[in-house]
Amino acid sequence: MKRLFPLLLALTLLSGACSSDDGGGAAGSSTASAAPTELTVFAASSLTAAFEDAIGPAFEAANPGVRVTFNVGASDTLAGQIQSEGTADVFASASGTWMDAVERDPGVQDRTDFVQNRLVIITPPDNPAGIQSIDDLATPGVQLVLAAEGVPVGDYGREALKNAGISKDALANVVSNEEDNASVVAKITADEADAAIVYESDVSAAAGNDVTAIEIPEAINVVATYPIAVVDGAPNADAAADFVAYVVASDGQATLKEYGFEPIA
Amino acid sequence: MHRRLPLGLTILAAIGAAFVVLPVVALVVRAPWGNLADSLSGVGATTALRLSIVVSLSATALSLAVGVPLALVLARGDFPGRSVLRAMVILPIVLPPVVGGVGLLAALGRSGIVGRWLHEGLGIQLTFTTWGAIIAATFVSMPLVILATEAGLRSLDPRYELAATSLGASQLTAMRRVVLPMLTPQIVAGAVLCWARALGEFGATITFAGNLEGRTQTLPLAVYQARQTDPGGAVFLSLILVVISIVVLVSMANHLTRAG
């Protein structure tokens with residue numbers, strides 16, 4: 001029976017290797033055969049739909065010979081990846097905090113705040129817990145999903161709960177701290193939890209998420225300001241500067257508005 | 001007996017060994033040993049470790065409870081679709097765990113095809129609970145128990161069972177009194193590998209059960225969450241898993257040598 005051991009061992013390790021395939025997609029998964037310039041954009045996961053579906057293709061159409069690859073994830077994760085691996089051309093963060101970190105190390109150029117986003121409560125389409133306002137998130141038994149602390153939308157959401165004066169009870173209702181904004185939205189579209197705090201852009205028609213949105217009053221809402229910049233040491237600094245310029249110019253801003261962001265550049 | 005091996009072979013073997021050993025050595029080198037206590041208390045290591053032990057042991061127990069009977073049926077049963085069923089039940093070994101998690105949501109989530117009925121009819125919800133983490137770990141690790149048990153059964157001379165039944169034992173008694181005792185080494189080996197795999201489970205767990213400290217945040221999830229906010233703590237948590245894994249594999253190798 002000694003023969004069984006290597007086989008089982010191999011299978012165990014094989015499956016173990018597959019278990020870490022969650023982290024926001026690998027950079028540079030291009031299939032282009034002769035693309036001269038491969039631009040790598042690290043973007044907050046809340047920008048996924050706007051960047052991958054609209055801005056990326058439009059930028060490529062306007063810049064023949066440039067192929068844009070997006071690495072999306074939580075801004076804190078992306079900042080860590082940029083600092084340890086340094087393969088990013090452009091960084092678009094959902095918070096100034098993580099852009100500050102990248103600006104300190106390795107440094108950035110052309111830093112510009114390009115959009116704002118506000119928070120909103122989302123529930124599955126039939127709103128199973130009957131959430132009417134942010135105060136209802138404190139009702140015992142409501143299953144609330146947030147992003148983990150450190151993830152911008154997780155920190156903003158906790159700030160809003162604090163502003164509403166319901167931190168203690170609402171945080172006791174948290175059933176999961178998700179790794180990024182997209183994972184939070186997924187828990188609601190899958191109808192697994194009762195409510196979550198995400199961005200206004202996630203409930204735009206363009207984002208196409210099948211959820212019910214409940215507004216958070218202006219007085220307790222939190223404004224997320226998104227900076228974008230060319231990362232020092234960018235393999236394609238010129239194309240990176242073009243991309244940043246495209247995003248802050250009128251075409252890019254109009255697209256982002258369509259996806260529920262508030263243009264500010 | 002010292003025989004000189006071809007140089008090329010030795011070089012390739014050294015590259016292979018370094019490839020596997022280096023990341024583990026790097027964890028040890030990079031660990032900020034100076035503030036071990038701070039790091040471990042900061043990332044909730046004891047909570048995650050306790051939960052991981054509960055989840056992995058429960059998953060192993062569940063896997064044994066239904067995996068061993070399933071292996072017996074697959075090896076000794078004769079029914080249409082047996083080979084298809086056999087392939088299906090060991091599929092989780094090669095399936096990306098996150099796919100397993102999505103499948104578990106579709107099946108056992110609160111709006112899943114079975115989960116809806118559990119939730120609405122019985123008020124049972126598995127997602128975001130420790131039971132959910134146990135289910136996810138069982139899903140990915142049970143095939144190891146099935147494979148080990150089945151392989152043992154296939155190599156077992158069927159005449160032992162024949163002898164038992166011809167002497168008047170029922171088939172169930174023959175299985176229980178003759179076959180299972182002879183399979184103990186293989187079942188134990190399968191259980192140990194199953195437990196190790198359950199302990200390392202990440203993708204299906206975070207997808208199906210979510211990530212909440214003390215409830216579903218097992219050690220691998222704690223490592224994942226700590227790696228940005230507290231990289232040092234993440235390294236220490238990783239080392240806990242490395243040490244456990246090494247102990248398991250070493251004890252496993254000894255066990256199998258004796259069994260073989």
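**Nonpolar core and strand pairing in the predicted model**

In this predicted model, the largest nonpolar core comprises 138 residues. The residues with the most contacts inside this core are Val41(A), Val90(A), Phe91(A), Leu144(A), Ala196(A), Val231(A) and Ala136(B). Helix α7 of chain B (residues 130–154) supplies the largest share, 15 residues. From chain A, the core draws at least three residues from domain 1 (34–116 + 225–263) and at least three from domain 2 (117–223).

Ala136(B) was examined for its neighbours beyond four places in sequence. With residues up to four places away not counted, Ala136(B) touches Gly101(B) and Leu104(B), and also Glu201(B), Ala204(B), Thr205(B), Phe208(B) and Ala209(B).

Chain B, to which Ala136(B) belongs, contains twelve helices and zero strands. Its pattern along the sequence is accordingly written α-α-α-α-α-α-α-α-α-α-α-α. Taken along the principal axes, the C-alpha atoms of chain B fill a box of roughly 70 × 70 × 30 Å. Of the 260 residues in chain B, 40% are buried. Among contacts in chain B with a separation of 6 or more, 76% are between residues 24 or more positions apart.

In chain A, Leu144(A) of the core lies in strand β5 (residues 144–147). In a regular strand, side chains alternate between the two faces of the sheet. In β5(A), Leu144(A) and Leu146(A) point one way, whereas Val145(A) and Ala147(A) point the other way. All four of these residues are buried.

Strand β5(A) is paired with two strands of chain A, β6 and β7. Four bridges join β5(A) to β6(A) (residues 174–178), and these strands run parallel. Within this pairing, Ala147(A) stands opposite Glu178(A). Two bridges join β5(A) to β7(A) (residues 195–199), again in a parallel arrangement. Here Leu144(A) stands opposite Ala195(A).

A further position in chain A is Val72(A), located in strand β2 (residues 66–73). Val72(A) is classed as buried because 23 other C-beta atoms lie within 10 Å, the cut-off for this class being 20 or more. The C-alpha atoms of Val72(A) and Ser45(A) are 5.1 Å apart in space, although the two residues are 27 residues apart in sequence.

Notes. Residues numbered from 1 in each chain as written. Chains lettered and ligands numbered in written order. Predicted model: local features only at pLDDT ≥ 70, side-chain atom pairs only at ≥ 80, totals over all residues. Core = buried A, V, L, I, M, F, W, Y, C linked by C-beta atoms within 7 Å. Domains from an automatic or database assignment. Contact = placed C-beta atoms within 7 Å. Pairing = 2+ DSSP bridges.
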